[in-house]
Amino acid sequence: MLNKSIMDGDNPDLTEERMKGAFDTDKMAAVIYGSEKFAIRRREITESISRIPQLADSKPFSFMTREEKISESCRKLSVLSEHWNQLIDTNNEEEALHLYREVLGLEGHAFSLHETMFIPSLVAQANDEQQEKWLGRAKRREIIGCYAQTEMGHGTNLRALETTATYYPSTQEFILHTPTETALKWWPGALGKSSNYAVVVADLVIRDTHYGAHPFMVQLRDEKTHNPLPGITVGDIGPKMAFNGADNGFLGFNQYKLPRDHMLMRHSRVEENGTYTKPPHAKIGYSSMVKVRSRMAMDQGLFMVSALVIAVRYSAVRRQGFLDDKSREVKVLDYQTQQHRLFPSIARAYAFIFCGFETIQLYDQLLIDVKNGDTSGMSDLHALTSGLKSVVTHQTGEGIEQARMACGGHGYSMASYISEIYGVAIGGCTYEGENMVMLLQLARYLVKSVELVKTGKSKELGPMMNYLAEPDTQIDLTSGPEAYVKVFQHAARRQVWKATDKFHQLMESGQSRDIAWNNSAVELTRASRLHTRLYIMETFIRRVSSISDVSIKKVLIDLVNVHVNYEVLDIGTYALEHVSSTQLDSIRSQLYSSLDTLRPNAVSLIDSFQISDMQLRSVLGRRDGHVYTNLFEWAKASPLNQTHVLPSVNQYLKPMMDKAKL
Ligand SMILES: CCCCCCCCCC/C=C\CCCCCCCCCC(=O)SCCNC(=O)CCNC(=O)[C@H](O)C(C)(C)COP(=O)(O)OP(=O)(O)OC[C@H]1O[C@@H](n2cnc3c(N)ncnc32)[C@H](O)[C@@H]1OP(=O)(O)O
Ligand SMILES: Cc1cc2nc3c(=O)[nH]c(=O)nc-3n(C[C@H](O)[C@H](O)[C@H](O)COP(=O)(O)OP(=O)(O)OC[C@H]3O[C@@H](n4cnc5c(N)ncnc54)[C@H](O)[C@@H]3O)c2cc1C
């Protein structure tokens, strides 16, 4: 059996799809998750979780109020704490994230920021003594932490953060203070009600000199009573578009005293007498953000996959309309429009995850390098992850929304759960740096790269930038996916140079650097997107080329073909400067035939992610495909259906109707 999801009693339409799969889904899982070992561990963890009934949702999540969701996730966390060591290797971050995803889903919880930013901040920013003091406690979850940086008035422009940490040599203390309402910390996940500690980012002030954003370890609540400590105002910022299982919070300080050794001092220091030592790289304090951005291609890929698992499985059991055979309605997955809606997103999800593996490894390596005093890789990774974060979040949002529409009316119901996945995923367009802002960060790097080429210093170009110095060449589209890479290289190079030229010309015409930059910004963001999409395509092709298993490689090449054809058509206006409209027509035909080729493997390709029903929380996406019976059961579970007549009917509608009858 190649598709390992086949089970007796499943919806025969899904079983039929799984029988068609031409590759082993366990082997594909090993490729997706980077190793057979981890793919097996994922399955083992999922299996072990299923044997602990208290870890299941106590009722359908979509019917819970916000308070119930928060309480439910805390209940599960307390159950988890009894089983942690037997479920996972607690030193393995990927295992921990898998466990969190499976048990707690994606709506957020008390530890949302603890593993992703609080601990990483301590790892990257705290010195050895500080790690000795706090890291073990954090890892054992004796304390719960978050990352409090954004303020009500400033998130993007970190240099304008208003919260101050003023050092007084006489007492060897910092005084943390919130000088205005707009200086309130606003947004940090799990800050409002759950965390008792936070890494707080504040403007360091010593003897009236402002040294800018620095991280501090701050206790917010009493460890016994969980009450806020004197001088601290903290609470929840209220319901959000999604992610409502998390208590994103506000935080204010009223002359709050903090011992000197609570500034995280691995890279910059304040001595007892107030002498300041600056870090080896000005932006080293931003590393927790780079860490999360380096994960985002992977995490967003998985958000998109969740929506696609739902939409593809449902499309294989949903029958509507006819093709040739008029005796039985077809699976909607057979419609070319449905395939065009879903398959390019499957390809992107695979591509994002492969990129994600690369950037996570790059971050881990950078962390080691920085600890050894080498900060030279910081700019490259910052530029790469800034662009990648922006492109993947945007395309993931598009892909999830298409997946929702691909499910028709039922896609709009919370029974599909796609709207929640969408709401959580598109938060990524904003958090960790608003997308436009981060595209402009990459653009700075691209402009500098063109300047290097222009001044004959191409040898100094960073990784992935050499193509900027190469001349345009003839493109032979019959030469395989590499030809499509060439199209992207041509388009990205042209746009990067065009945007840079515009910026330079505006400055030469007398505009200041900042105004010229702003007047070139749309062109610059376009350049960043093209550059990033080129990187994604190259990584995808490189990863697939490295695979040795024949059946896995074959289907992934089919997926690459969908990807390259779709991507080149998607940038048609740029591509037309390098390929003819006749060539674009032929790419279009190839795309349609590549959709056809992929069709038999569609369900197996998404099954291979091995995302459990528990995590999916979707009636439409159930592994067994029994959608309709369960849709009815789900609706019956609605709190509105627990009584025949609602109190509001007796209170308002009935009297109104009765009055109208008089
Ligand atoms: C996604 C989490 C993973 C979770 C996985 C768990 C899965 C479980 C299931 C999923 C369930 C739910 C998932 C949802 C999780 C939600 C988690 C939410 C987490 C969100 C946390 C936050 O948002 S924290 C706050 C983030 N804030 C920001 O990102 C702010 C953005 N702004 C900035 O970063 C900076 O202000 C700026 C970079 C935009 C500008 O900084 P600055 O003004 O100081 O610099 P300049 O622009 O002047 O640039 C000067 C030079 O410095 C270079 N630079 C800038 N930054 C860096 C850097 N980091 N490294 C290296 N170099 C840098 C810049 O390039 C300039 O260089 P030159 O051009 O050479 O001069
Ligand atoms: C779900 C979620 C979770 C979050 N979790 C945390 C957390 O745990 N900790 C934390 O500290 N923060 C957190 N945040 C806050 C988040 O990091 C910020 O909201 C984000 O960095 C964007 O900043 P902003 O809100 O100031 O947006 P703004 O900068 O105000 O953006 C508004 C608009 O202005 C534009 N803009 C701003 N500056 C520029 C510029 N220089 N050039 C061009 N355009 C510009 C933007 O593109 C955007 O269109 C979270 C946010 C969300 C949504």
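Gln-172 counts as partly exposed because it has 15 C-beta neighbours inside 10 Å; by this criterion a residue is buried if 20 or more other C-beta atoms lie within 10 Å of its own, exposed if 12 or fewer, and partly exposed in between, with C-beta atoms placed from the backbone. The model is a predicted one, in which local features need pLDDT of at least 70 and side-chain atom pairs count only at pLDDT 80 or more, whereas totals for chains, interfaces and linings use all residues. Residues are numbered from 1 along each chain as its sequence is written, and chains are lettered from A and ligands numbered from 1 in the order in which they are written. Although it is not a glycine, Gln-172 has a positive phi of about 55 degrees. Gln-172 is placed in the loop between strand E2 (164-168) and strand E3 (173-177); helices (H or I, at least four residues) and strands (E, at least two) are DSSP runs, numbered from the N terminus.

A positive phi, of about 45 degrees, is also found at Gln-255, which is not a glycine. Gln-255 lies in the loop between E8 and strand E9 (256-259) and counts as exposed, because 10 C-beta neighbours lie inside 10 Å.

Strand E8 belongs to an open sheet of 3 strands in the order E4-E8-E7, with antiparallel pairing; two strands pair if DSSP finds at least two bridges between them. Strand E4 (185-186) and strand E7 (232-236) are the edge strands, each pairing on one side only. E7 and E8 (residues 249-253) run antiparallel and are joined by 5 bridges. Within this arrangement, Gly-235 stands opposite Phe-250 in E8.

Among the helices, H10 (residues 378-406) and H16 (residues 521-545) pack at an angle of about 90 degrees, and their axes are 9 Å apart. Axes are lines fitted to C-alpha atoms, for helices over the stretch in contact, and angles run from 0 to 180 degrees between N-to-C directions. H10 is therefore roughly perpendicular to H16, a class that covers angles of 65 to 115 degrees. H10 contributes Gly-387, Leu-388 and Val-391 to the contact, and H16 contributes Ser-528, Arg-529, His-531, Thr-532 and Arg-533; two residues are in contact if their C-beta atoms, placed from the backbone, lie within 7 Å. By class, this contact has 2 nonpolar, 4 polar and 2 charged residues, where Ala, Val, Leu, Ile, Met, Phe, Trp, Tyr, Cys and Pro count as nonpolar, Asp, Glu, Lys and Arg as charged, and the others, Gly among them, as polar.

Helix H12 (residues 418-426) is mostly covered, with 7 of its 9 residues buried. The buried residues of H12 include Glu-420 and Tyr-422, and their cover includes H8, H10 and helix H11 (408-412).

Around ligand 1 there are 35 residues, of which Lys-283, Tyr-286, His-382, Tyr-431 and Gly-433 come nearest; a residue is near a molecule if its C-beta atom, placed from the backbone, lies within 6 Å of it. H8 supplies the largest share of this shell, 6 residues. By class, the shell around ligand 1 has 15 nonpolar, 13 polar and 7 charged residues.

The shell around ligand 2 has 21 residues, and Gln-149, Thr-150, Gly-155, Thr-156 and Gly-427 come nearest. Strand E1 (145-148) and helix H13 (435-454) are the elements that give two or more residues to this shell, and H13 gives the most, with 3 residues. The shell around ligand 2 has 10 nonpolar, 10 polar and 1 charged residues.

Conventions. Angles under 35 degrees count as roughly parallel, over 145 as roughly antiparallel, 65 to 115 as roughly perpendicular and the rest as oblique.
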